Amino acid sequence: TGGIAHDFNNLLTGISGGLEIIERRLSEGRLAGIDRFLQGAQTSAQRAAALTQRLLAFSRQQPLQPVPLDPAKLVSNMSELLRRSLRENIAVVATVEDGVWPIHADQGQLENAILNIGLNARDAMPDGGTLTVTARNVETSAHGQQVQIALTDTGVGMNPTTLARAFDPFFTTKPMGQG
């Protein structure tokens, strides 16, 4: 929670600082460059709203909105977004099993998860590599028929300390205010 509070504080500083500068410049009649401070405040506000949505989803206070989805279309669209979002030295490969079953999921949350995993994969491949996004049918004795959407990369992997904490809520390897 300390890290989240720090992130929120950074975002609020960006908002209030930008607004203070705009207020001062307006009172002095200096309009040049105000758009830069306004954009910074708006970006910080949008990041704060996104963080709030993730927190609400994590705490299950925000209701999920599951809808029927075609995994093949989802993987195709997300692969295209990942190609535009990652460096040119990272190839994005999409593979979808023939006859993959339809799924029922919150599209925004699923897309956000795929994008975030893709961005983490980018960070693990500083010299380039391949990110593969797949969708396939799986059957398990415990959970029956499911669709698996997986992302794999050719990155450096996690050290033992990071691996031990990988599933801790809000754990990150990114510096404060990022990620």
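Begin by selecting threonine 162, which is buried, with a relative accessible area of 15%; buried means under 20% relative accessible area, exposed over 50% and partly exposed in between, with a 1.4 Å probe and protein chains only. Threonine 162 belongs to helix H5, residues 160-165, where helices (H or I, at least four residues) and strands (E, at least two) are DSSP runs numbered from the N terminus. If neighbours within four places in sequence are set aside, threonine 162 is in contact with Phe171 and Thr173, contact meaning heavy atoms within 4.5 Å. Drawing a line from the C-alpha atom of threonine 162 to that of phenylalanine 37, 125 residues apart along the chain, gives a separation of 37 Å.

Before going further, note that this is a predicted model, in which local features need pLDDT of at least 70 and side-chain atom pairs count only at pLDDT 80 or more, while totals for chains, interfaces and linings use all residues. Residues are numbered from 1 along each chain as its sequence is written, and side-chain values use heavy atoms, with hydrogens and water left out.

Next, select serine 44, which is placed in helix H2, residues 34-58. Serine 44 is buried, with a relative accessible area of 12%, and, not counting residues up to four places away in sequence, it touches Leu11, Gly14 and Ile15.

Now colour the strands S2, S4 and S5, which form an open sheet of 3 strands in the order S2-S4-S5, with mixed pairing; two strands pair if DSSP finds at least two bridges between them. S2 and S5 are the edge strands, each pairing on one side only. On average, neighbouring strands of this sheet are turned by 15 degrees against each other, direction ignored. S2 and S4 pair in the parallel sense over 7 bridges, and isoleucine 90 has glycine 129 in S4 as its bridge partner. S4 and S5, by contrast, pair in the antiparallel sense over 10 bridges and form a hairpin with 3 residues between them; to inspect this pairing, select threonine 132, which stands opposite threonine 152 in S5.

H3 lies across S2, S4 and S5 and runs at about 175 degrees to S2, whereas H4 lies across S2, S4 and S5 at about 30 degrees to S5; axes here are lines fitted to C-alpha atoms, for helices over the stretch in contact, and angles run from 0 to 180 degrees between N-to-C directions.

Stay with H3 and show its side chains: Pro71, Leu74, Val75, Met78, Ser79 and Leu82 are buried. These residues cover an arc of only 130 degrees around the axis, which puts them on the same side of H3, the arc being that of the directions from the helix axis to the C-beta atoms. On the other side of H3, Lys73 and Arg84 are exposed. The elements covering the buried residues of H3 include strand S1 (66-69), strand S3 (103-106) and helix H4 (107-123).

Leaving aside neighbours within four places in sequence, arginine 83 is in contact with Val92 and Ala94. From arginine 83 to glycine 118 the C-alpha distance is 9.7 Å, although the two are 35 residues apart in sequence.
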